[in-house]
Amino acid sequence: MPKRALVIGRFQPLHHGHLYLFRYALSKAEELVIGIGSSQYCCQPRNPLSAGERMELIVVTLRREGFPMENIAITCIPDTESPEENWGLIVLDRIPRVDVAFSNDPETVRCLREVGIPVENVPFFHRELYEATRIRELILKGDDSWKQLVPKSSLSLLTELDFEGRVRKLGRER
């Protein structure tokens, strides 16, 4: 069994599919590094939450869900700012050594493999339901069913952050 695994996501917002991903990775490795991707962006339609808010959301949710926090590290991973930058090297600069990464995103897989990180695909968990873009679209439509797609342990913090109001406001500003 690999010692340490990496997963990267934007978590805009954290949803049940992400919890499935974290559990899956921890079933394959002893420790987990969670990379908060696109960490430099906030307050945009596609990235309504800041990296700090996403980190707090992940920590609060994982604690409430009983995850072994002593085996989990969380770090911020920005996107590249120019075509000359190598995103895989940016990732390496921000994480401890990992033995494997789990991702289904073709660009992430390519960039991580280019810097020598083995990458395995993850079975999707009801992808048609648990997708952050869909959750934000439901909010824009005024459909409260989005609240069933995020962990109950996340909902109170999302409410406190006025995630719903923020998504609506940013959607109007497009």
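Let me begin with a quick one: where is the place of Ser153? Ser153 sits in helix α6.

Ground rules before that. This is a predicted model, where local features need pLDDT of at least 70 and side-chain atom pairs count only at pLDDT 80 or more, while totals for chains, interfaces and linings use all residues. Residues are numbered from 1 along each chain as its sequence is written, and side-chain values use heavy atoms, with hydrogens and water left out.

Now the overall fold. The protein chain has seven helices and five strands. These are DSSP runs numbered from the N terminus: helices are H or I with at least four residues, strands are E with at least two. Read from the N terminus, the order is β-α-β-α-β-α-β-α-β-α-α-α. The radius of gyration is 16 Å, close to the 16 Å that the globule rule gives for 174 residues, so the protein chain is as compact as a globular protein of that length. That radius is taken over C-alpha atoms, and the rule is 2.2 Å times the number of residues to the power 0.38. Along its principal axes, the C-alpha trace spans about 45 × 40 × 25 Å.

How much is inside? Buried residues make up 49% of the 174 residues. Buried means under 20% relative accessible area, exposed means over 50%, and partly exposed is in between, with a 1.4 Å probe and protein chains only. On contacts, meaning heavy atoms within 4.5 Å: take those in the protein chain with a separation of 6 or more, and residues 24 or more positions apart account for 67% of them.

Next, the core. A nonpolar core is a set of buried Ala, Val, Leu, Ile, Met, Phe, Trp, Tyr and Cys residues joined through side-chain atoms within 4.5 Å. The largest one has 35 residues. Those with the most contacts inside it are Val7, Phe22, Leu32, Ile34, Leu62, Phe102 and Trp146. Elements that each supply at least two of its residues include β1 (4-9), α1 (16-28), β2 (31-37) and α2 (51-64). α1 gives the most to this core, with six residues. Zoom in on Leu62. Setting aside neighbours within four places in sequence, Leu62 is in contact with Leu19, Phe22, Ile34, Phe67, Met69 and Ile72. Apart from this core lies another, of 15 residues, among them Ile77, Val91, Ile117 and Val119.

Back to Ser153. Ser153 is buried, at 8% relative accessible area. Leaving aside neighbours within four places in sequence, Ser153 is in contact with Val60, Thr61, Arg64 and Glu65.

Look at α4 now. Its buried residues include Thr108, Val109, Cys111 and Leu112. What covers the buried residues of α4 includes β1, α3 (87-94), β4 and β5 (119-120). After α4 comes Gly116, with a positive phi near 90 degrees.

On to charges. The structure holds 10 salt bridges. The criterion is a side-chain nitrogen of Lys or Arg within 4 Å of a carboxyl oxygen of Asp or Glu. Glu31 forms one with Lys3, with the closest N and O atoms 2.9 Å apart. Glu31 is in strand β2 and Lys3 in the segment before β1, 28 residues apart. Lys3, Arg4, Glu30 and Glu31 are linked in a network of salt bridges.

Lys147 is partly exposed at 30%, and Glu164 is buried at 17%.

Last stop: which residue is buried yet has no salt bridge? Arg10, in the loop between β1 and α1. The nearest side chain of opposite charge, Asp79, is 6.9 Å away. For charge, Lys and Arg count as positive, Asp and Glu as negative, and His and the chain ends are not counted. The Arg10 side chain does make a polar contact with the side chain of Asn47, at 2.7 Å. A polar contact is a pair of N or O atoms within 3.5 Å; within protein, one must be able to donate a hydrogen and the other to accept it, and residues adjacent in sequence count only if both atoms are side-chain atoms. Beyond four places in sequence, the contacts of Arg10 include Arg46, Arg54 and Arg136.
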